Amino acid sequence: MAKKGAAKAGEQAADGGDGTSKKKSGGGFVGLAILAVGAMTSSFATVYVLASDPPTGPACPAPETGPAVEPIAQKDQAYVELQDILITIGSEPATRYLKMKVSIVTDNEGSAMVEKAEPVLIDAFTNYLRSVELSDFENPDFYAHMREQLSRRSELVLGGGVSQGVLITEFLLR
């Protein structure tokens with residue numbers, strides 16, 4: 001037994017004396033085999049996924065169609081553009097003015113009647129616009145009200161069957 005202890009001590013002295021033997025790092029053949037199997041598996045999976053048939057359903061599902069919306073512009077409508085309307089705004093001397101271009105919405109048969117009644121329409125629109133105060137134009141909610149009032153006046157001049165509304169195509173307030 002004493003010989004065994006002396007043999008261990010001699011081995012420790014040859015290794016550096018700390019009693020631990022150094023082992024080689026690295027996986028050797030087993031590590032390389034595991035690496036090769038992993039690479040082959042991932043390559044097979046990639047080729048299998050890419051070469052498989054695409055799904056049979058559509059790529060993007062068709063959107064659900066809601067209720068059909070009726071277009072505002074109809075096929076039998078005509079738009080008759082009136083001459084420019086230019087008026088001063090407010091009670092002060094001509095410092096602010098309004099330039100506006102208006103089109104009347106009508107059917108194809110009513111176009112001639114709108115063109116004949118243009119001076120009367122301009123007069124009705126001008127009388128209304130002169131009654132509007134400058135502070136009204138500064139309110140964004142006023143513009144829908146103004147279009148409604150112009151439409152009402154065109155219906156009074158032309159009749160409800162001829163005038164189907166008013167479009168403000170140009171609006172300049174200076």
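Searching the whole structure turns up four aromatic pairs. Rings of Phe, Tyr and Trp (its six-membered ring) pair if their centres lie within 6.5 Å; planes under 30 degrees apart are stacked, over 60 edge-to-face, and the rest tilted. Take Phe137 and Phe142: the ring centres are 5.4 Å apart and the planes sit at 80°, so this pair is edge-to-face. Next, Phe142 and Tyr143: here the centres are 6.1 Å apart and the planes at 65°, so that pair is edge-to-face too. Ring pairs link Phe137, Phe142, Tyr143 and Phe171 into a cluster.

A word on the source. This is a predicted model, where local features need pLDDT of at least 70, side-chain atom pairs count only at pLDDT 80 or more, and totals for chains, interfaces and linings use all residues. Residues are numbered from 1 along each chain as its sequence is written, and side-chain values use heavy atoms, with hydrogens and water left out.

Buried means under 20% relative accessible area, exposed over 50%, and partly exposed in between, with a 1.4 Å probe and protein chains only. Phe142 comes in at 9%. Tyr143 has 29%, so it is partly exposed.

Now the core. A nonpolar core is a set of buried Ala, Val, Leu, Ile, Met, Phe, Trp, Tyr and Cys residues joined through side-chain atoms within 4.5 Å. The largest one has 24 residues, and Ile104, Val114, Phe125, Leu129 and Met146 touch the most other members. Two or more residues each come from E2, E3, helix H4 (118–130) and helix H6 (142–158). H4 gives the most, with five. Helices (H or I, at least four residues) and strands (E, at least two) are DSSP runs, numbered from the N terminus.

On to strand E2, residues 85–88. Its covered face has Ile85 and Ile87; its uncovered face has Leu86 and Thr88. In a regular strand, side chains alternate between the two faces of the sheet. E2 runs antiparallel to strand E3 (residues 97–107), joined by four bridges. Strands pair if DSSP finds at least two bridges between them. Leu86 stands opposite Lys99 in E3.
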